[in-house]
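Subject: Structure for you to look at

Hello,

Here is the structure I said I would pass on.

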Amino acid sequence: MSTALPINHKRLSVRDIGARKGGAPIVCITSYSAPMAKLMDDHVDVLLVGDSIGMVLYGLENTLAVSVDMMVNHGAAVVRGSQTSCVIVDMPFGSYQGSPEAAFDAAAHIMSETGCAGVKLEGGCVMAETIEFLVSRGVPVMGHVGMTPQSANVFGGYKTQGKSDEDARLLLEDAKAVADSGAFSMVIEQTMEPVARKITEEVLIPTIGIGASPACDGQIIVAEDILGIFQDFTPKFVKRYAELGAVISDAVQTYADEVRARTFPSPRHLYGVKKG
Ligand code: KIV
């Protein structure tokens, strides 16, 4: 289904985000649905429809089975639910690694069907040619370096990156390649703090940290992690700002108790019955 959305000039653009290098921190958070986008829109700069959706919403073990169709459906919902944030949609595993042309087809499909401002893809030097190909054809790209979950099988798990001097050097090279190829910003995930700090100092585009460094130009986090809704595992970089999991559980328990006691629905929730 094509959303055929007009360009919304109230939204932050990728250029606005790119211009924040060294300025006010860029606040980013994941969002997968219209109601959550609506709740968070006023408070953040970027809503990322991340492929973490696979684990957080679909109960998958990792992000590898996430499809372009999933990203399109949820990306369109987030665009519909928001007014001012810059919405970026993740390119799922297998949709961009094969060739720059395949990446363009997938990215163009995601952008035209969702109305998002750009896409995010994982990888450093190896993705430089693809990023350049996309950007030169009208697809804004947010890069993603450090611990890139789509490559967890290669890393041997979700391992913190940049631990040795050689790894730190390669990571800096990756980040520079992403910046030089025209990305408007890049996520740095689960990386040794001094390495993330050095990357932030050396690249000319904003860095968005997650388990990286407070020196990054912005931060991103999975909303369900900080709200206490996703509780399967909690990475060290997550801070809990609310315990909505417990709130939901209590509310549903109260509903169940009232249904079983026949105290819900009460007259005020019924039609054709006078309130007592
Ligand atoms: O998929 C995702 O949610 C992400 C962020 C955590 C950066 O890539």
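In which pocket does the ligand sit? The ligand sits in the largest pocket. Keep in mind that this is a predicted model.

The ligand and its surroundings

Around the ligand you will find T30, L48, G50, D51, S52, D90, K120, H144, V187, I210, I220 and V222. By type, this shell has five nonpolar, four polar and three charged residues.

In S52, a polar side-chain atom is 2.5 Å from an oxygen atom of the ligand. For K120, the distance between a side-chain N or O atom and an oxygen atom of the ligand is 2.9 Å. For D90, a side-chain N or O atom lies 3.2 Å from an oxygen atom of the ligand. On its own, the ligand has 260 Å² of accessible area, and the protein covers 95% of that.

The chain as a whole

Two backbone details

Which peptide bond is cis? The bond from F264 to P265 is cis, with omega near 0°. P265 belongs to the segment after α11 (244-260).

The other detail is at Q190, which is not a glycine but has a positive phi of about 35°. To locate Q190, go to the loop between β6 (185-189) and α9 (193-202).

Regards

Terms used: Residues numbered from 1 in each chain as written. Predicted model: local features only at pLDDT ≥ 70, side-chain atom pairs only at ≥ 80, totals over all residues. Heavy atoms only, no water. Near = heavy atom within 4 Å. Polar contact = N/O pair within 3.5 Å; in protein donor to acceptor, adjacent residues only side chain to side chain. Areas by Shrake-Rupley, 256 points an atom, 1.4 Å probe, with all protein chains shown as cover. 1 Å grid on protein atoms, 1.4 Å probe; cavity = no way out; pocket = protein on both sides within 12 Å on 5 of 7 lines; lining within 4 Å. Sits in = over half its atoms within 2 Å of the grid points. Nonpolar A, V, L, I, M, F, W, Y, C, P; charged D, E, K, R; others polar. Helix = DSSP H or I, 4+ residues; strand = E, 2+ residues; numbered from the N terminus.
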